[in-house]
Amino acid sequence: KAGGLCVAATTRKNVSASHVLELLHRIARVIKDYCGVMNEDSLRKNSILTYELLDEMLDYGYAQSTATDLLKVHIFNEPVTPVSE
């Protein structure tokens, strides 16, 4: 669980469970770094940014770069922040 959301992954082959858990943890951390908070509303508002992040972090299901500072060069969308009332 990350921010009240269940994060899950599926595989076609037998892979190390610790590797998958570490990848899911890093993905959740990067999304939180970009969006500020990891919750359902934030993911809905930033779905395009989340898709772009996943596209840069994973290539054909293989982890590439999960460091926030390295991804900044490749990410062009800005996060959508909630409007304060």
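Residues are numbered from 1 along each chain as its sequence is written, and side-chain values use heavy atoms, with hydrogens and water left out. Because the model is predicted, local features need pLDDT of at least 70 and side-chain atom pairs count only at pLDDT 80 or more, whereas totals for chains, interfaces and linings use all residues.

The largest pocket has a volume of about 740 Å³. A pocket is here an open set of points on a 1 Å grid over the protein atoms alone, where a 1.4 Å probe fits, with protein on both sides within 12 Å along at least five of seven lines; lining residues have an atom within 4 Å of a point. The volume is the space filled by probe spheres set on the points, which are joined across faces, edges and corners. Its lining comprises 25 residues, with Ala9, Thr10, Thr11, Leu23 and Gly61 nearest the centre. At least two lining residues come from each of α1 (17-35), α3 (47-57), β1 (58-59) and β2 (62-63), and α1 provides the largest share, 7 residues. Helices (H or I, at least four residues) and strands (E, at least two) are DSSP runs, numbered from the N terminus. The lining contains 17 nonpolar, 5 polar and 3 charged residues, where Ala, Val, Leu, Ile, Met, Phe, Trp, Tyr, Cys and Pro count as nonpolar, Asp, Glu, Lys and Arg as charged, and the others, Gly among them, as polar.

Thr66 is placed in the loop between β2 and α4 (68-71) and is buried, at 10% relative accessible area. Tyr60, in the loop between β1 and β2, is exposed, at 76%. Buried denotes under 20%, exposed over 50% and partly exposed the range in between (1.4 Å probe, protein chains only). The side chains of Thr66 and Arg26 are joined by a polar contact of 3.4 Å (a pair of N or O atoms within 3.5 Å; within protein, one able to donate a hydrogen and the other to accept it, residues adjacent in sequence counting only if both atoms are side-chain atoms).

The whole structure holds 3 salt bridges, each a side-chain nitrogen of Lys or Arg within 4 Å of a carboxyl oxygen of Asp or Glu. Arg26 also pairs with Glu22 (2.9 Å, N to O); these residues lie 4 apart in helix α1, about one helical turn. In helix α2 (residues 40-45), Arg44 and Glu40 are likewise 4 residues apart, and their closest N and O atoms are separated by 2.5 Å. For Asp41 and Lys45 the corresponding distance is 3.4 Å.
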